Amino acid sequence: MSITQNLTTSISSTSSAFLASPTFTPRYSCFTSFLIGIKIASFFCLLIKILIFFSGYCRSQVSLPVKSVSICKCVATPQEAETAYKTKVSRNANMGKLQAGYLFPEVARRRNGHLLTYPDAKIISLGIGDTTEPIPEVITSAMAKRSQALSTIEGYSGYGAEQGEKPLRSAIASTFYGDLGIEEDDIFVSDGAKCDISRLQIVFGSNVKMAVQDPSYPAYVDSSVIMGQTGPFQKPVQKFANIEYMRCNPENGFFPDLSSISRPDIIFFCSPNNPTGAAATREQLTHLVQYAKDNGSIIVYDSAYAMYISGDNPHSIFEIPGAKEVAIETSSFSKYAGFTGVRLGWTVVPKQLLFSDGFPVAKDFNRIVCTCFNGASNISQAGGLAFLSPEGLKAMRDVIGFYKENTSIIVDTFDSLGFKVYGGKSAPYVWVHFPGRNSWDVFSEILEKTHVVTTPGSGFGPGGEGFIRVSAFGHRENVLEACRRFKQLYK
């Protein structure tokens with residue numbers, strides 16, 4: 001039989017079922033359509049193989065330059081096989097309420113995308129508040145000693161107290177709350193203030209109403225959403241329902257008008273504030289405590305930047321009379337001792353703080369801590385204890401002074417360019433106003449034209465729109481170079 005006859009026979013026998021069927025109809029069942037799809041795929045596979053064979057046959061008869069032909073493997077795959085397996089467990093609906101990603105990973109994602117476009121750019125990061133200067137040796141040597149001791153019979157220790165080691169709790173009480181009536185057993189040592197914020201949210205549960213400064217650290221709102229305390233996100237106003245956004249802006253001195261909000265159960269309040277850098281006065285905090293008492297609310301006071309305060313502004317909410325009856329304070333070694341990677345913090349829950357039924361809040365928090373946490377690293381706690389020694393405190397005050405000098409350089413730069421600048425005196429952040437502009441657009445403009453990463457103000461809440469936050473955490477040469485680039489862009 002000739003090759004022509006082979007071709008004719010093969011094609012005819014394979015294709016007749018779907019190309020020349022006298023009973024063809026445009027309507028098929030799903031299964032019939034599937035079979036037809038397989039036959040079509042099989043036909044084209046056979047056709048390609050025949051062409052390859054024919055090409056080889058021709059080359060054996062006539063010497064002609066022919067390009068090599070790759071074999072195409074055709075596979076007909078049922079639709080079901082292409083779909084990933086799904087469980088029968090429903091997703092937490094509260095997770096679906098969250099808007100995009102958490103702020104700082106989103107900033108990092110855009111930074112990485114910029115680096116792909118400009119691989120040779122020298123990017124300077126003044127965005128996320130991550131410390132950059134080395135931890136003083138008095139602290140690291142204590143951690144090294146504790147670490148080495150773990151390799152000995154005498155020095156080894158396993159699980160510790162979930163609330164923290166007694167010497168560290170005592171040192172925190174005496175250093176930061178010496179004459180304020182806070183005792184060591186009011187203090188819970190943790191792996192950081194951010195983690196404690198979520199543990200506190202578990203204590204409060206879903207049936208509470210939150211109030212937050214606007215703008216504020218995004219963990220307050222996001223944890224409220226995850227816990228189910230909020231309604232849906234309202235796009236026109238960029239807010240979640242059932243949260244009181246307490247607007248803090250230059251017009252009100254970055255302290256909210258408490259008379260304008262409906263009663264909240266829990267008030268998150270950060271001073272010095274992240275991102276605005278504003279530190280509340282004694283008079284303002286007295287007003288806040290009185291408001292909480294009048295309304296039966298609980299204040300969660302974030303004092304993570306208190307060591308940066310200049311002047312006589314309170315470093316702790318417990319400096320205000322009556323605060324122990326209405327307030328919790330959470331703080332961190334991250335921005336004090338450079339422990340952003342080491343991880344160590346604490347939360348103060350006074351014995352006097354009671355729920356509406358008279359049950360101590362501290363007992364419920366202790367229960368959550370014991371359930372969800374095995375205690376801070378013993379090596380980290382050794383570093384924290386060394387930080388609170390006279391030598392450690394002096395060394396860290398020097399490092400904090402260095403960051404505050406960076407802050408002054410950034411403030412002076414934007415002042416010289418005619419911008420309205422806030423913060424910077426009592427916090428490592430500078431809050432720069434770009435009136436009428438979208439914060440993410442300003443962020444993108446600065447990144448695109450200067451290769452400097454900042455943080456868009458709207459990422460901290462609708463009250464941050466039109467601002468950017470510039471962090472003072474950076475090596476001096478990088479801060480100076482960034483400011484030089486700012487001057488080139490906005491001169």
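This is a predicted model: local features need pLDDT of at least 70, side-chain atom pairs count only at pLDDT 80 or more; totals for chains, interfaces and linings use all residues.
Start by selecting residues 266–270, which form strand S7. Five of its five residues are buried. Show the side chains: Ile266, Phe268 and Cys270 point one way, while Ile267 and Phe269 point the other way. In a regular strand, side chains alternate between the two faces of the sheet.

To find one of the pairings, pick Val212, whose bridge partner in S7 is Phe268.

Ile298 in S8 stands opposite Ile266. To follow the chain from S7 to S8, select residues 282–295: the path goes through this helix, H10, and the β-α-β crossover is right-handed.

**Two cis peptide bonds**

Go back to the end of S3 and select Asp214 and Pro215. The peptide bond joining Asp214 and Pro215 is cis, with omega about 10°. Pro215 sits in the loop between S3 and helix H9 (218–227).

Now select Ser271 and Pro272. The bond from Ser271 to Pro272 is cis too, and its omega is near -5°. Pro272 is in the loop between S7 and H10.

**Two positive phi values**

Select Gln238, in the loop between strand S4 (233–234) and strand S5 (239–240). Gln238 is not a glycine, yet its phi is positive, near 60°. With a relative accessible area of 44%, Gln238 is partly exposed, because it falls between the limits of 20% and 50%.

Move to His451, in the loop between helix H15 (439–450) and strand S13 (452–453). Phi of His451 is likewise positive and near 60°, again in a residue other than glycine.

**Helices H14 and H16**

Select residues 390–416 (H14) and 476–490 (H16). Their axes come within 10 Å and cross at roughly 5°. That angle is under 35 degrees, so the two helices count as roughly parallel. On H14 the contact is made by residues including Phe402, Ile409, Ile410 and Phe414, and on H16 by residues including Val479, Leu480, Cys483 and Phe486.

**Cysteines**

Stay on Cys483: its relative accessibility is 3%, under the 20% limit, so Cys483 counts as buried. Then select Cys372, which at 45% relative accessibility counts as partly exposed.

How many disulfides are there? The count is zero. For Cys372, the nearest cysteine sulfur is that of Cys370, 9.7 Å away.

Terms used: Residues are numbered from 1 along each chain as its sequence is written. Side-chain values use heavy atoms; hydrogens and water are left out. A disulfide is a pair of cysteine sulfur atoms within 2.5 Å. Buried means under 20% relative accessible area, exposed over 50%, partly exposed in between (1.4 Å probe, protein chains only). Helices (H or I, at least four residues) and strands (E, at least two) are DSSP runs, numbered from the N terminus. Two strands pair if DSSP finds at least two bridges between them. A crossover is right-handed if, with the strands pointing away from the viewer, the path from the first strand over the helix to the second runs clockwise. Axes are lines fitted to C-alpha atoms, for helices over the stretch in contact, and angles run from 0 to 180 degrees between N-to-C directions. Angles under 35 degrees count as roughly parallel, over 145 as roughly antiparallel, 65 to 115 as roughly perpendicular and the rest as oblique. Contact means heavy atoms within 4.5 Å.
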